[in-house]
Amino acid sequence: VTHSIPACIGNMTINSKQLDNESPVSIFAVNKCYETVQDGTFFDGSGFAALVREGYKVRSDVNISLEFRTTAAHGVLLGVSSAKVDAIGLEMIHGKVLFHVNNGAGRITATYEPRGTSSLCDGKWHKLQAHKSKHGLSLVIDGNLAHTDNPYIQSTSADTNNPIYVGGYPADVKQNCLTSKSSFRGCLRNLVLTKGQHTELFDFSRAFDLRGVFPHSCPGAEH
């Protein structure tokens, strides 16, 4: 076994002597335990998760689905970029969700803005689906659709070859389809990317770089 257990451990004794876990000699990637916990991965607002070290190729068509829960109005949800301009990005800005795509000819954006007093920053779970096709992009949040056509008819493929960054990205990494530098604070779960017949559910505990992210440990709803 090469990865840690996603669990809480307490009251450990060795040879009848209780270990003091309040002042450890060293500590790495250990978070506090919560009285109430939910399925999901907790992002503390300081970092990111990096997936697919060898690079993810978005190309002409991709469908992204995830669930999120936050009380913050700003934060990066997901970004995949290239060394050039091609990229996709999902972010929250002023309580709206923006889905950006650049197939090489310019950025296209679909924006979902909650109506009336309903908020995406209410600490409750919201379901997001973002679909990029050759000729447009759509964003569906809790069943509500925002759609934008691709005006650049000749440019249909986002030729990315960089990792998938979730919840933020390192300062030295370029993201051509994100405007926010704020890391996401809240919980994410059920991140699935689908291309054609290939569907992949991403497990954050298998990310190649995790900073300020605690897989399989989402504190109960914030009050």
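How many aromatic pairs does a search of the whole structure find? The search finds 4 such pairs, where rings of Phe, Tyr and Trp (its six-membered ring) pair if their centres lie within 6.5 Å, with planes under 30 degrees apart counted as stacked, over 60 as edge-to-face and the rest as tilted. The rings of Phe-43 and Phe-204 form an edge-to-face pair, because their centres are 5.5 Å apart and their planes stand at 90°. This pair links distant parts of the chain, 161 residues apart, with Phe-43 in strand E4 (residues 41–56) and Phe-204 in the loop between strand E15 (198–201) and strand E16 (209–214); strands are DSSP runs of at least two residues (E), numbered from the N terminus. Both Phe-43 and Phe-204 are buried, that is, under 20% relative accessible area with a 1.4 Å probe, protein chains only.

The model is predicted, with local features requiring pLDDT of at least 70 and side-chain atom pairs pLDDT 80 or more, whereas totals for chains, interfaces and linings use all residues. Residues are numbered from 1 along each chain as its sequence is written, and side-chain values use heavy atoms, hydrogens and water being left out.

The protein chain contains 0 helices and 17 strands, the former requiring at least four residues (H or I). Buried residues make up 45% of its 223 residues. Of the contacts (heavy atoms within 4.5 Å) with a separation of 6 or more, 71% are accounted for by residues 24 or more positions apart.

Conventions. Buried means under 20% relative accessible area, exposed over 50%, partly exposed in between (1.4 Å probe, protein chains only).
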